[in-house]
Amino acid sequence: MESMLLGKITTAQFLKQYWQKKPLLVRGAFPGFRDPITPDQLAGLALEEDVDSRLVMERGGKKPWEVTMGPQSAAKLRKLPRSHWTLLVQGVDRYVPGVAAMLEPFHFIPDWRVEDIMVSFAPKAGTVGPHIDSYDVFLIQGKGRRRWQLDPAAGSVLRAGLDLRILKKFTAKQDWVLEPGDMLYLPPNLAHYGTALEDCLTYSVGFRAPSGLDLLLAAQEKISRSGTASARYSDSDLRSTRARGEIPRAAVQRLRQLMESTLKCLDDAEFDALVGSLVTEPKGSATLERHPVLRTAFETYIRHGDLLVRAAGVRAAYLKLAGRYSLFANGERFDIPKTLGFAAPFLTDQRLFTQAELAPHLKKPGFKDLLLNLTCAGIFQFQPKRSR
């Protein structure tokens, strides 16, 4: 599957030569590709309150490049013109199992780096304009054809007064037309411009890349919730000065040190927890849906050999600190007993478990209790064998 996904190169070659460095076009990355969602189904998702969607009208709106945030209006979608618009729906893998399955070939990239799959539908000439993304993306072409143009020298100056961040200057240096099953990888900060040549669906596998500001904001929130009193600026050696309006360099340096010392009040374990929560936190308002499961029902599921699957849309990863493991799912932390350390990689390296895969561990003290707790928390759920 990996060789098909990346053409004639290995994953090791891709990561060394292309990942975050240069684009890669792969013809037939998904041979015989069949769309797991239809344009009508995508439009139906865009009507939902808890689904993140955008409707981009290059023409036909109240102004050029008008963006309407979801939930979308069914009446408005029915009256759309025949061209020059795009409907984008974020996180479709959370709602459509067939779309979620498209993530499987990308397992050579750690799960915590994967954001989601955005699906866009556009009629002829539909586009969101030339732009830059700050993250890696794999663009998989479904129904129809789309032209992709790249300009490494486009710069970052934007057109003013628009709802979208559209580049002011863009001159195509590379130009490809993608057909169903083709895939284009783009590293961060590479200007690109996609245009539908006919009705088409495009699947964008995006990756999570926390910024320093993201970490600072998360640290601020964690420190604030801890109730720890923050140190304040002090200057017991203050001396009289005639320059009443000047902020001395010594004062600036002290304030920098104050900021740095405040961040250092998070020890290694606390910073680990901050990172684990941040990188598994889903976009939007998605939270774990708890489903209390009686132990007798749990034992029945196990005995009948039902499949254990990670719930749709659950982001899971783990961290190891001082020999102990913590599992993080959708921003929440679950500590794993030291005796069950094997469970952290075992339960996060795949999304579906058969009875045969679970059996070697079910007799280990505490493992069933751990599974029951994680199932009640909404991380896992049981699925009858026949629906596999």
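Here are some questions and answers on a few local features of this predicted model.

Residues are numbered from 1 along each chain as its sequence is written. Local features need pLDDT of at least 70 and side-chain atom pairs count only at pLDDT 80 or more, while totals for chains, interfaces and linings use all residues, and side-chain values use heavy atoms, with hydrogens and water left out.

Q: Which residues of helix H11 are buried?
A: Helices here are DSSP runs of H or I with at least four residues, strands are E runs of at least two, and both are numbered from the N terminus. Buried means under 20% relative accessible area, exposed over 50%, and partly exposed in between (1.4 Å probe, protein chains only). In H11, residues 355–362, the buried ones are Leu358, His361 and Leu362.

Q: Which exposed residues does H11 carry on the face turned away from its buried side?
A: The buried side of H11 packs against helix H9 (295–303), strand E12 (307–310), helix H10 (343–348), strand E16 (352–353) and helix H12 (367–376), where contact means heavy atoms within 4.5 Å. Turn to the face pointing away from that buried side, and the exposed residues are Ala356 and Pro360.

Q: Which residues form the covered face of strand E17?
A: In a regular strand the side chains alternate between the two faces of the sheet. E17 spans residues 380–383, with Gln381 and Gln383 on its uncovered face. That leaves the covered face to Phe380 and Phe382.

Q: Which residue in E17 does leucine 308 stand opposite?
A: E12 and E17 pair in the antiparallel sense over 4 bridges; two strands pair if DSSP finds at least two bridges between them. Across from leucine 308 stands phenylalanine 382.

Q: Is asparagine 330 buried or exposed?
A: Asparagine 330 is in the loop between strand E14 (324–329) and strand E15 (332–336). Its phi is near 50°, a positive value in a residue other than glycine. With a relative accessibility of 9%, asparagine 330 counts as buried.

Q: Which proline is joined to glycine 70 by a cis peptide bond?
A: Omega of this bond is about 0°. The proline lies in the loop between strand E3 (66–69) and helix H4 (74–78). The residue is proline 71.
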